[in-house]
Amino acid sequence: MLNSANNNSLQHPITAPSEINMNGYNRKSPQKRRYDMPKYAVPPKKKTSKERIPQPKNTVAMLNELRHGLIYKLESQTGPVHAPLFTISVEVDGQKYLGQGRSKKVARIEAAATALRSFIQFKDGAVLSPLKPSGNLDFTSDEHLENGIENMSNYKLVAHIETLLMLTEKYPTLPRLNNPRCVYKYVSKSAIAVDGQKKVPDKGPVMLLYELFNDVNFECNNIDGAQNNCRFKMTVTINEKKFDGTGPSKKLAKNAAAKAALASLCNISYSPMVVPQKNVPLPIDDKSSSMELPQIHADTIGRLVLEKFMEVIKGQEAYSRRKVLAGIVMTENMNFCDAKVISVSTGTKCVSGEHMSVNGAVLNDSHAEIVSRRCLLKYLYAQLDLQCNQATAYQSIFVRNTDGQYPYKLKSGVHFHLYINTAPCGDARIFSPHENDTGVDKHPNRKARGQLRTKIESGEGTIPVKSSDGIQTWDGVLQGQRLLTMSCSDKIARWNIVGIQGSLLSSIIEPVYLHSIVLGSLLHPEHMYRAVCGRIEKSIQGLPPPYHLNKPRLALVTSAEPRNQAKAPNFGINWTIGDTELEVVNSLTGRTIGGQVSRITKQAFFVKYGFLMKNLPGIPIRKVTTDYGQTKANVKDYQVRVCVLLLIKNIDYLYILFTINFCHLQTAKLELFSAFKREDLGSWLKKPIEQDEFGLVE
């Protein structure tokens, strides 16, 4: 139609005589531009520039990726005006590097190249040779910026570094970086406060990740959970390395994946432990250590426990429903690549008062973290069993203690790490996650902080202990009185004084303490620290060595678990390394779902203890009291007998030390209970004494 219109305009002249009016003016309006069509049948294509080929990185770009926030300074300018020589410096890790060039851009590139060369070291210790001088150069031409000898060598340098970063782990014989981890161990200036203490970066994890790395790809892998409790999983890929993150929304899952990547590649942590509270700062034991566990280690612990839970629950998915998940991981020399999951457990309730046992055949407390600790006791007994046979003694985590008062002790470098998917019940969980309540509670009529609390029978939650003598009676509980159990926060605080090895093993091995506690959610640094050790650190005194106030490192995983509003099940599972299958326990009855005695009860441990006392080498006293309660009560009796034994001539020295071991444990316990009273935090509540009055099964 356009071509026909043009043809018609050619056939009919614009100024025909018939179109002139009486006044001699042309009535035809001027031709509009929109009708001026090109003479071509097909409109010509617009001139497009050639497709842009990705340019290789120069040394400045490469250095900025490895060290963010660098500042280049002009040191000097020499030479004539028509041919100046610029000297520019850049400071990297406290070291200044210089570069020279006939333009500021070239000098900046040379300074970055000099810094990059300091990262590279060959197997024989030689480093890259410096670049040859460019000689006479036409500084008015731009050709040297693209094809000059300087930049050609620098681009090869950048390519060499990129190759090293990808292949240095796979091929150790290739040239390596002076400190491979240092390249990706980025700590931005915004992540360090003025006083040198780390703080959370100002920017979000996703934004910061895009700033530090060019090749960042996020992908939503799968969605788990029901409609009311969805779990999204995001995977971020950086330089062929994958990092996972989960969350109740894609945004939170993406943030979690970015946090995991930053923690692993750059040592940047968004943990709440990074910033101490203003009024009550977390204590630092020495200049090189603090209460914070490295984020990458915390994520590894959480991942190992979750993976082991999914592994052992296969085939019994009906018991996978849980609210609290806990586990203990063991490391040797802090090598998390070979870390072992010792125990996995779930549960949130305690035994009902009507199901108490006089034979030690029920689990009184089925909270997940308490069950995991009992599973650890089972593992410790098994490791001591290895010492009974000389052929298997080397496989044990224990060694003979020749220079101490305890027959056995842990091997050097063995650490235990506790994981809980939420804050332990009690004092560690008494706070509002969305309110800033740092500092001391100034309310005059409320002392809610640090109080000893007890769990509710057959239910969830805790209540403060009453000002009583701390005694519960068997007949009173059967009559209808609630059976009270100390909260998990209080029990963890107790473990940090007397250890996690239990009363019976305290006569055989040195105290064993937790190295770290990792939470899956609800970590408040101030409240958690106060709950596990801080509330008694000022009042505890006179602990007999090797007992001491242990301060475990704290951390929160990057993929925090959301609040679970589902009703807690009445069962819990437990698994210990070496078990062929998991055990399911009815939390209200304290027995397995089949009505059998659990493998981690007092009764089971008393039998194992009796076996060790008869067969374990190096034990000075082989006699075991047939009554469980009497065996624990001997701790008090030994306090009186020690003084008498020391006066008896020709007494076996090992026998005296063995006796003192019981005395030290009891002294530590009494000092713990006294510390709580001195701080006006309440009295430790004990179970009815009839629970421990059962005999040793032959």
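Visitor: In strand 19, which residue is the bridge partner of Ser345?
Guide: In this predicted model, Ser345 is found in strand 10. Strand 10 and strand 19, residues 571-576, pair in the antiparallel sense over 3 bridges. The bridge partner of Ser345 in strand 19 is Asn574.

Visitor: Which residue of strand 10 does Ala326 stand opposite?
Guide: Strand 9 covers residues 325-332 and pairs with strand 10 in the antiparallel sense over 6 bridges. Leu325 has Thr346 as its bridge partner in strand 10. Ala326 stands opposite Ser345.

Visitor: Is Ser345 buried or exposed?
Guide: A residue counts as buried when its relative accessible area is under 20%. The relative accessible area of Ser345 is 0%. Ser345 is therefore buried.

Visitor: Which residues does Ser345 touch, leaving out those up to four places away in sequence?
Guide: Val324, Leu325 and Ala326 are among them. Ala368, Val371 and Ser372 also touch Ser345.

Visitor: How many of the 7 residues of strand 10 are buried?
Guide: Strand 10 spans residues 340-346 and is mostly covered. Ser345, one of the residues in strand 10, is buried. The number of buried residues in strand 10 is 6.

Visitor: Which strands stand at the edges of the open sheet of 8 strands?
Guide: The order of this sheet is 18-17-13-9-10-19-20-21, with mixed pairing. An edge strand here pairs on one side only. The two edge strands are strand 18 (553-556) and strand 21 (591-592).

Visitor: What angle does the direction of helix 9 make with that of strand 9?
Guide: Helix 9, residues 295-312, packs on the sheet. Helix 9 touches strand 9, strand 10, strand 13, strand 17, strand 18 and strand 19. Its direction makes an angle with that of strand 9 of about 120°.

Visitor: Is Asn586 buried, partly exposed or exposed?
Guide: Asn586 lies in strand 20, residues 583-586. Buried means under 20% relative accessible area and exposed means over 50%. Asn586 has 25% relative accessibility, so Asn586 counts as partly exposed.

Visitor: What distance separates the C-alpha atoms of Asn586 and Asn570?
Guide: Asn586 touches Asn570, Phe571, Arg591, Thr592 and Ile593, not counting residues up to four places away in sequence. Asn586 and Asn570 are 16 residues apart along the chain. Their C-alpha atoms are separated by 6.2 Å.

Visitor: Are helix 10 and helix 15 roughly parallel or roughly antiparallel to each other?
Guide: Helix 10 (residues 368-386) and helix 15 (residues 602-615) pack at an angle of about 20°, with their axes 10 Å apart. Angles under 35 degrees count as roughly parallel. Helix 10 and helix 15 are therefore roughly parallel.

Visitor: How many charged residues does the contact of helix 10 with helix 15 have?
Guide: On the helix 10 side, the contact has Arg374, Leu377, Lys378, Tyr381, Leu384 and Asp385. They meet Lys602, Phe605, Lys608, Tyr609, Phe611 and Leu612 in helix 15. By class, this contact has 7 nonpolar residues and no polar ones, and the number of charged residues is 5.

Visitor: Why is one side of strand 1 and one side of strand 3 left without a neighbour in the sheet?
Guide: In this open sheet, 3 strands pair antiparallel in the order 1-2-3. Strand 1 (72-78) and strand 3 (95-101) stand at the edges, so each has a single partner strand.

Visitor: At about what angle does helix 3 run to strand 3?
Guide: Helix 3 is made of residues 104-117. Helix 3 lies across strand 1, strand 2 and strand 3. Its angle to strand 3 is about 140°.

Visitor: What percentage of the residues in the protein chain is buried?
Guide: The protein chain has 17 helices and 21 strands. The chain holds 698 residues, and the buried share is 47%.

Terms used. Residues numbered from 1 in each chain as written. Predicted model: local features only at pLDDT ≥ 70, side-chain atom pairs only at ≥ 80, totals over all residues. Heavy atoms only, no water. Pairing = 2+ DSSP bridges. Helix = DSSP H or I, 4+ residues; strand = E, 2+ residues; numbered from the N terminus. Contact = heavy atoms within 4.5 Å. Axes fitted to C-alpha atoms, helices over the stretch in contact; angles between N-to-C directions. Parallel < 35°, antiparallel > 145°, perpendicular 65-115°, else oblique. Nonpolar A, V, L, I, M, F, W, Y, C, P; charged D, E, K, R; others polar. Buried < 20%, exposed > 50% of the residue type's maximum accessible area, 1.4 Å probe, protein only.
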